[in-house]
Amino acid sequence: MSERLRNRLFKRSLWALLSIFFAFLMIIFLIVAPIAHDNYFFVDQFFGAERSVPVSVETDNPNDFHYFTSEYSLKDENGNYVINKSNNINNQKLDFEKMRAHSDEIAKKVNHEGIVLLWNDDMGDGSKALPLDRGDKVSNFGLGSVSYVYHGIGSGMVELDDKGKELLDVKRALTKEDVGLQVNEACFTTLSNASNKGFGISNGSTKELDWSGYSAAAKESIADFGDAALFMVSRYYGEGGDQTMDCSGTKDGNRLTLSDNELDVLDHLKTLKDEKKLEKIILLINCAAPMNLKWVKERGVDACLWINWGGRMGVEALADVLVGNAEPTGHTTDTWVYDMMSAPANRNFGNFVYANYPDEAPNANNKYVVYQEGIYVGYRYYETRYEDVVLNQGYAYEPIGNVMNDEEWDYASEVAYPFGYGMGYSTYSYSNFAFEKEVKDGKVNYNVSVDVTNTGLRKGKDAVQFYLQKPYTDYDRENHIEKASVELVGFEKTPEIEAGATITVKSVIPEYEFKSYDAYGAGTYILEAGDYYLSVGQDSHDALNNILAKKGKTVDDGMTGNGDASLAGVINYKQTDTTTYSVGKNNFKIQNRFDVADVNRNKGMEQQIVYLSRDNWRDTYPIGGVTLDFKGAENIKLVKYDKEVPNDPKDEMPVYETVTSPHGKLNLVMLMNVKYDDPAWDHLLNQLSFAEQEKLVSSCANAATNSIAAPGISQMDGPNGMRSSRMALPSEPIVACTFNKELVEELGKVFGTEMMGTNKAGVYGLGSNTHRSAYGGRANEYYSEDGFLAGVIGSAESKGMRSMGVILFTKHFALNDQDTNRGDGVHTWANEQTIREIYLKAFETAIVDGYCNGLMTSYNSFGPVWSGAFKELCTDVLRGEWGFIGITITDACGASNPHMGATAQFTSTRAFANIAGQDAWMGSFPEGSFNKYYEEKNATLCNAVRESAHRILYTQLHSFMMNGVSSDTYFVEITPAWEAALTGLTVTFGVLMGLCLAMVAVSWVLWYLGRKNNKTNLTEVEK
């Protein structure tokens, strides 16, 4: 080797730098690897990784072991299912094309029946503004025309495949053969160019064009395409942030108001209409929440469709509706008002920080929100106050709460369209309303019926709604029980009714809906003595006017219109009943569970707030946000992260790793037809080690339990369609707008089938929180302001999904009605009646109906107690009163959520919550965290972990995760590729660092020897 080559090869600086480089990489991977392993659930989800694979013994007929199937499941020439192996299961492969075609068909029907026609003016020639005629020439405005909002941000986001993206092309949909509209290309060119220059519908702002942003060519061509202007107003938002009430570019700083630019476009369109260059203006509201309608109709808008967020098929359905290929038969799921600030809930919505917060309490938990409006959310407020104005009681006429005028409170000035409202292209009348009481199996129901006549010129469907008014008595006033003037208690969507035809619609109203929660008196549900009014109506206001007519009131008393007394009836209860509804499932006692969340009942807070009451609207209406101090030693103890873990001496340690069944060793599938409380489950659980049971809790129920051939539960986000399916279904508000239980159940089957196609059986949805405020950032993930509607529709969709073997982690349980500060565990303060009647109602319905088998607890807290650690919620109400036997998982739990036990030093918080009823954690829960409690023989915690394992195993057993699993199936554990790669790279960089260090050492030795030789040679020369 030449000296030059040797010097280059053994260059000390090169190998030193390489040593530092590989040492840096090795250190990075040494840090990243354990973090990734601790959060392996999320990494596995990202890469679609598996940790075990099923191995099945050959059987004569593999079809025997498929417990959930689809009509789109493929079979081979022998009639056996074609297997799609992934996510720990041997599921059936589906005929994707046929499945997706059916999914599109049902999704489009949901849009048809969910789009709401808010107004449709006469055009002066006997026609209406909508539908348009095929061949009409139209001009499109609004950036939503080229960027239609079909989904929300965060968990509600579903990316589409190329076909889905093509379906969202508004121009293509309007011009397709069966729609036949002619579109103004110049307008589309302007909008497309603007979108490419950074204008668009973004989160938190609306970068909409004003009139000057449209090209001269677009403006000049409008007269040539003057049959109609289609102006799409869009808003985009979702998880992580609420709609802002302080937005630039609007007259009132409100993002739910049309912006100055949008109003500017409407002004110019109105001018063109006045000049006869444009015939009509159609407004399309592409938003999942109601919008403020002040300053809109005065601008000459002839018709308005609330098109919501329709998912992949939203644009297709819109085109059908515009030309009358389909009827818009949707009805509003929320009250539409002229200005959302008239809703009392918005006085206490957003960011609130305790005025005084003790040093010994964690800083991250110093946020709160107060539900001071009580039960008066949405139509319960507007309709109740309206009735009290008519009845001249409770100071309802006082101007407090007015937004639209400074005079006496006036319903018509504040409310644009009531809850349950929808026009359609035909009209309907009701007659022969009747009801009768029926007692069957100890339960009381009221069978109601009404004749519905199509009085229009087209066939169509109507949403028939039944409302109840409970008596509001002196006892209620004394004990702070609030009663709304009307509450939805039943609804039916009619089949198509031909013009001029009449059908009879029947429904069943359970007496269960007549009860009220008496938090400050009896401390349970009561059925109070007095008159109960049942009414049918085309919306909440119509039904209330019928009740007021029954009471003898007319427009002379201040009503907005005369009702029909024949469409309301009275049921009188002679005595107050405090026992019938004071017990839940299995005779579990119903009593106050949420005193800790009521400022007035939480003794440590030492404060009193005034809840809104119809007894005195003037003096109880919220003026501004409630200011609170945080007090009380017990409250401080509850918010601390290092919880004291109970260990009841009466509890006995469970049996582990022991075969106790008389049938020998059991596999999970052997219990397929065994009830949840059967002793066989004890034998199965006895076989498991504590580590196996804890792993189910720590892995978000995702991990396989190989010893009993349990595959675990593969999971994914997706309240509006599972992300990995790339099928964006209609958002939940438009689903609820259908008022069609049967259609929604079919949508649930579609949802479940799409999930089967992805081999993911668990989905983080459906969403069952309440639209407490229109500004809630996740309005698209929740159904309605009304818990009854949300509960029935959610139950129907759940039923369809469950029929396909799906596990629904219905979310967020509970009071997660704003996103502001939710990750900090915002303290939510509300009284018991409000919590039960408004915010738990939707969850209760789906659970009691039996179609909900999983729940995601919420980030927020009930008063000072995190929802997942709240025994009164997760055990007493959920499992005791309602009889729930499914799984509770947390929301995504990371280092920023210490109140959920997200960090290693707060293992006690997780243990405390597990005992309270929290079954599984989503992320940041290292395996073995509970070992110390096992070693200390904490029987209370060990039994809680065992029961969580019981729930998790029972739920996955009744899902399509078990497809292809027989009693002979066993699982082999594998290391995911990403984890092997991390380990391999860490080792590789370590070896390379070592080799480089060795080369550094050799280089130094050679340098030293060379230097020594040089000195020796120099000495010899000198001699």
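A: A cavity, on a 1 Å grid over the protein atoms alone, is a set of points where a 1.4 Å probe fits but cannot get out; lining residues have an atom within 4 Å of a point. Grid points are joined across faces, edges and corners, and a volume is the space filled by probe spheres set on the points. This is a predicted model: local features need pLDDT of at least 70, side-chain atom pairs count only at pLDDT 80 or more, and totals for chains, interfaces and linings use all residues. Residues are numbered from 1 along each chain as its sequence is written, and side-chain values use heavy atoms, with hydrogens and water left out.

Q: How many cavities of 30 Å³ or more are there?

A: Rolling a probe the size of a water molecule over the atoms shows where empty space is left. Here there are four such cavities.

Q: What is the volume of the second largest cavity?

A: About 170 Å³. It is lined by 16 residues; Lys470, Glu487, Glu513, Glu837 and Lys841 are the closest to its centre.

Q: In which sense do S4 and S11 pair?

A: Strands of a sheet pair through backbone hydrogen bonds, either parallel or antiparallel. Strands are DSSP runs (E, at least two residues), numbered from the N terminus. Two strands pair if DSSP finds at least two bridges between them. S4 and S11 (residues 303-306) are antiparallel, over four bridges. Val116 has Trp306 as its bridge partner in S11.

Terms used:
On a 1 Å grid over the protein atoms alone, a cavity is a set of points where a 1.4 Å probe fits but cannot get out, and a pocket is an open set with protein on both sides within 12 Å along at least five of seven lines; lining residues have an atom within 4 Å of a point.
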